[in-house]
Amino acid sequence: MNNHTMEDLVSLCKRRGFIFQSNEIYGGLQGLYDYGPLGVELKNNLKQSWWKSMIYDRDDIEGIDSSILTNPLVLKYSGHEDTFSDPLLDCRNCNSRWRADHIADNKCPGCGSEDLTDPRPFNLMFKTNVGPVEDGNSFAYLRPETAQNIFTNFKNVLDSTPHPLPFGIAQMGKAFRNEITPRNFIFRVREFEQMELEFFVKPGEDEEWHKNWTDLRLDWWEDQGIARDKLELYHVPRDELAHYSKATVDIMYKYPHGLEELEGIANRTDFDLGSHTKGQKELKISAKVEENTQSNAKLAVQDLETKEWIVPYVIEPSAGVDRGFLAILNEAYRIEELEDNKNRTVLGLKPHLAPIKLAVIPLKKNDENIVKASRELKNKLQQAIAGRVLLENTGNIGKSYRKHDEIGTPACITVDFQSIEDNTFTVRDRDSMTQERVHLDEVREFLLQKYNI
Ligand code: GAP
């Protein structure tokens, strides 16, 4: 059975400790969520998988981790101060506020009134005061995308780790947007994480790289367990493009609330490097940028043959961690009917994403020998496995299996009386529920072969 709702996912997340409403004990704060003990593991595993595919599996991308507080000049010249806004309107009847492009039939979604104001732009950036003097001038923005500090570090990265074109700089981390109407659980929130790559290419090679990266990103999402037929490409129409984009392809996923953007892949041309670069007049910049930037760096590369300075074009695959988390959870969640007319909930996560890789379960909660052997096995496997191995000593095997099915643990190992005699253990598979007896000397290889953990 796979006709679950968003409420089923929200309930699982709370019950099992994946995601909680932020500041819940004070009534919460809209558009903010906290990741719990299992959520942080799954989220870290997802980010690690992205990082590996970007940085470790290739040699043409470097990673950075930059500050969240951002000098307003960066966001002035990037165009965000002027254009990073959504259309906001008010309902005169019930005083609620809405995003104009989320409204159907010109009716207030709250009360149904048609007495609405004209839309006006609402800038989504959060501002905060910096330093002890609150005079209105010493402020910073919380970054609305991780991308800008990749552009501002372009020269630092190239000077310290030189690369010829094409090459990329990747970053994962928090971004903040004062969304008018946060909604749909962690889909649209005010504080979220992005995984962004800025891939710098020669002008003229940008369209081919745009296509390459779209294909690569589709493959990667499939590797995270999202069926290809649940993903669609949306070629963003010209009049909907962000101010920096020449072309954008969105990877759309069928969330429980509808088909929505999971990742955007934009051709940002030379807009950003051009905007932040000193000496714009001497360079060929194709994008329309604000001239006379106050930046003190030339963000360009020199062609070794022609000696000409080139401002590279940028292809940007930009994925949301939280939206990825939600899509993966939605894909993995299923309810199975068992022979005895009972149901079991299973989270069929890929092992590399599972919050707990393996549960070691003593058959008897209070049997000293069994518990000792279980702890030794747990410690031994924890040394070898990247990711969490849990000693689950509840004394109820059936209940432990159900719990680990529901949180996506790929396998459970039970330690019983026979284990004490001959060092063999029962490995129970989450998906098939089959059990195999494996000797201590072979257990590591068995898990590696079967689950790649
Ligand atoms: N640097 C380009 C950029 O930020 P975007 O399409 O505005 O482009 C990229 O955002 C991704 O960030 C989206 O595809 C989405 O996955 C995620 N994202 C954007 N706004 C979000 C929000 N309010 N809540 C959760 N994720 C969000």
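**Figure 1. Glu-196 in strand E11 pairs across to strand E17.** In E17, Ser-318 is the bridge partner of Glu-196. Helices (H or I, at least four residues) and strands (E, at least two) are DSSP runs, numbered from the N terminus. E11 and E17 (residues 313–320) run antiparallel and share 6 bridges. Two strands count as paired if DSSP finds at least two bridges between them. The model is predicted: local features need pLDDT of at least 70, side-chain atom pairs count only at pLDDT 80 or more, and totals for chains, interfaces and linings use all residues. Residues are numbered from 1 along each chain as its sequence is written, and side-chain values use heavy atoms, with hydrogens and water left out.

**Figure 2. Strand E11 also pairs with strand E10.** E10 (residues 167–176) and E11 are antiparallel partners over 10 bridges. Phe-176 stands opposite Glu-191 of E11.

**Figure 3. The ligand sits in the largest pocket.** The ligand is found in the largest pocket of the protein. A pocket is searched for on a 1 Å grid over the protein atoms alone: it is an open set of points with protein on both sides within 12 Å along at least five of seven lines, whereas a cavity is a set of points where a 1.4 Å probe fits but cannot get out; lining residues have an atom within 4 Å of a point. A molecule sits in one if more than half of its atoms lie within 2 Å of its grid points. There are 20 residues around the ligand, and Glu-145, Arg-177, Val-189, Glu-196 and Glu-261 come nearest. A residue is near a molecule if one of its heavy atoms lies within 4 Å of it. E11, E14 (258–269) and E17 each supply at least two residues of this shell. Which strand gives the most? E14 does, with 5 residues.

Figure 4. In the side chain of Glu-196, an N or O atom is 2.4 Å from a nitrogen atom of the ligand. In the side chain of Glu-261, an N or O atom is 2.6 Å from an oxygen atom of the ligand. Gly-320 uses its backbone: an N or O atom there lies 3.0 Å from a ligand oxygen. Taken alone, the ligand exposes 550 Å², and the protein buries 91% of that. These areas come from the Shrake-Rupley method with a 1.4 Å probe; for residues, only the protein chains shown count as cover.

Figure 5. Is Pro-312 buried or exposed? Pro-312 counts as buried because its relative accessibility is 0%. Pro-312 and Ile-64 are 248 residues apart in sequence, and their C-alpha atoms are 19 Å apart in space.

**Figure 6. Three strands make an open antiparallel sheet.** The 3 strands follow the order E4-E9-E8. Strand E4 (69–70) and strand E8 (127–129) are the edges; each has a single partner strand, so one side of each has no neighbour in the sheet. E4 and E9 (residues 139–142) pair over 2 bridges. Leu-69 stands opposite Leu-142 in E9.

**Figure 7. Helix H11 and its two ends.** H11 spans residues 397–407, and its buried residues include Ile-397, Ser-400, Tyr-401 and His-404. At the start of H11, a side-chain oxygen of Asn-396 comes within 3.2 Å of the backbone nitrogen of Gly-398. Just after H11, Gly-408 has a positive phi of about 90°. Thr-394 lies in the loop between strand E21 (388–391) and H11. Thr-394 counts as partly exposed because its relative accessibility is 39%.

**Figure 8. Thr-424 contacts Asp-422.** Thr-424 belongs to strand E23 (residues 424–429). Its relative accessibility is 11%, so Thr-424 counts as buried. The side chains of Thr-424 and Asp-422 make a polar contact at 2.8 Å. A polar contact is a pair of N or O atoms within 3.5 Å; within protein, one must be able to donate a hydrogen and the other to accept it, and residues adjacent in sequence count only if both atoms are side-chain atoms.

Notes: Buried means under 20% relative accessible area, exposed over 50%, partly exposed in between (1.4 Å probe, protein chains only).
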